[in-house]
Amino acid sequence: MLCIPCVSVSELSNGTLFTERPWPEAERWLLVAVLGLEMVMGVVGNCLVLLVKVMCRGQFSCRYGLPFISLTLSDLGCSLLIISGSLLAMLTGGQRSPWCEVVSLLKFAFITSSIGSAAILCVQRLIGGASSRSVPFVVMVIACLTSWVTGVVFGSVPVVYDWIRYDPAEMLCAVFWESSYSDMLVYILCAFSICIFLPFLLIFFCSLLTASSCCRDRNSDDEEDLSAVTPLLVSSYIFCYTPFVVSELILLGRLDLSPAPDWLRTLSSVMSYLDCGLNPLIYCSHQDFREAGLALLWTNRKSPSEPVLTAITKRHL
């Protein structure tokens with residue numbers, strides 16, 4: 001999230017930034033409860049998804065496992081590091097350096113890897129499955145790694161130039177634009193064009209082509225594959241990250257560097273965190289994946305049973 005100061009802050013000698021106008025007590029505890037729920041949903045849900053994908057691979061069809069794994073790791077990392085960081089910031093009143101810079105870097109990396117994984121998934125669905133030894137699979141591996149590396153690179157730029165400050169409205173450290181509109185414009189346009197806009201174009205056109213091909217030639221294998229939940233994943237991502245995009249557009253449209261409203265920046269954080277917990281629920285909407293997960297949980301809980309006599313056969317000697 002990119003913003004500029006909207007309230008006065010004071011910096012202590014230990015590097016912690018505190019707002020001079022703290023959250024009202026009722027709103028603060030409400031946000032703590034929401035963040036805690038989102039963190040639990042994200043951590044538990046994505047850990048279970050990883051277990052099912054690794055331990056129950058033969059029980060459901062998943063021809064495009066690589067982008068699914070990348071997306072799940074991104075959601076799990078965001079839940080463990082970013083959401084927990086915001087939760088601690090709400091409880092303590094700020095974030096310390098160097099954790100402040102690490103959070104800002106990782107959040108952008110997770111955002112970029114998430115939309116990159118969704119774009120790769122859409123491309124794979126369009127061109128069809130690829131075996132682990134084929135050239136397309138190698139290309140997809142490189143594409144997934146590129147989405148992560150690109151996020152880390154663009155997330156590192158504000159850290160290197162010391163643009164990172166704690167934003168109480170966003171509940172974590174973010175980029176603060178204090179004087180240079182040109183720097184802000186160049187950075188946001190480059191970051192959005194490469195990390196957000198390009199993957200979104202791939203998602204949009206690949207989804208249209210896939211939908212049109214499915215209307216002409218319905219394939220039961222595609223409907224049974226886990227990739228059938230891709231439209232739900234894309235819809236969830238767009239819905240949850242719309243406040244984030246709107247707040248950035250507001251910032252770009254203001255030459256005086258004034259930020260988006262506090263409530264919109266808070267909403268952008270809460271909604272982006274929500275996406276990490278919704279994705280496991282979307283996976284579970286797939287019947288075969290859900291049955292594999294339930295079978296795994298039931299098998300782990302079920303104790304070995306004693307032999308049961310089911311029939312008697314008489315033999316005459």
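Author: A few questions and answers follow. The model is predicted: local features need pLDDT of at least 70, side-chain atom pairs count only at pLDDT 80 or more, and totals for chains, interfaces and linings use all residues. Residues are numbered from 1 along each chain as its sequence is written, and side-chain values use heavy atoms, with hydrogens and water left out.

Reader: How many helices and strands are there in the protein chain?

Author: Helices (H or I, at least four residues) and strands (E, at least two) are DSSP runs, numbered from the N terminus. On that basis, the protein chain has nine helices and five strands.

Reader: Is strand β5 largely enclosed or open?

Author: Buried means under 20% relative accessible area, exposed over 50%, partly exposed in between (1.4 Å probe, protein chains only). Five of the five residues of β5, residues 172–176, are buried, so the strand is largely enclosed by the rest of the structure.

Reader: Which residue in β5 is the bridge partner of Ile164?

Author: Two strands pair if DSSP finds at least two bridges between them. Strand β4 (residues 164–167) pairs with β5 in the antiparallel sense, over four bridges. In β5, the partner of Ile164 is Val175.

Reader: Which residues is Tyr241 in contact with, leaving aside its neighbours within four places in sequence?

Author: Contact means heavy atoms within 4.5 Å. With those neighbours left aside, Tyr241 is in contact with Ile111, Ser272 and Asp275.
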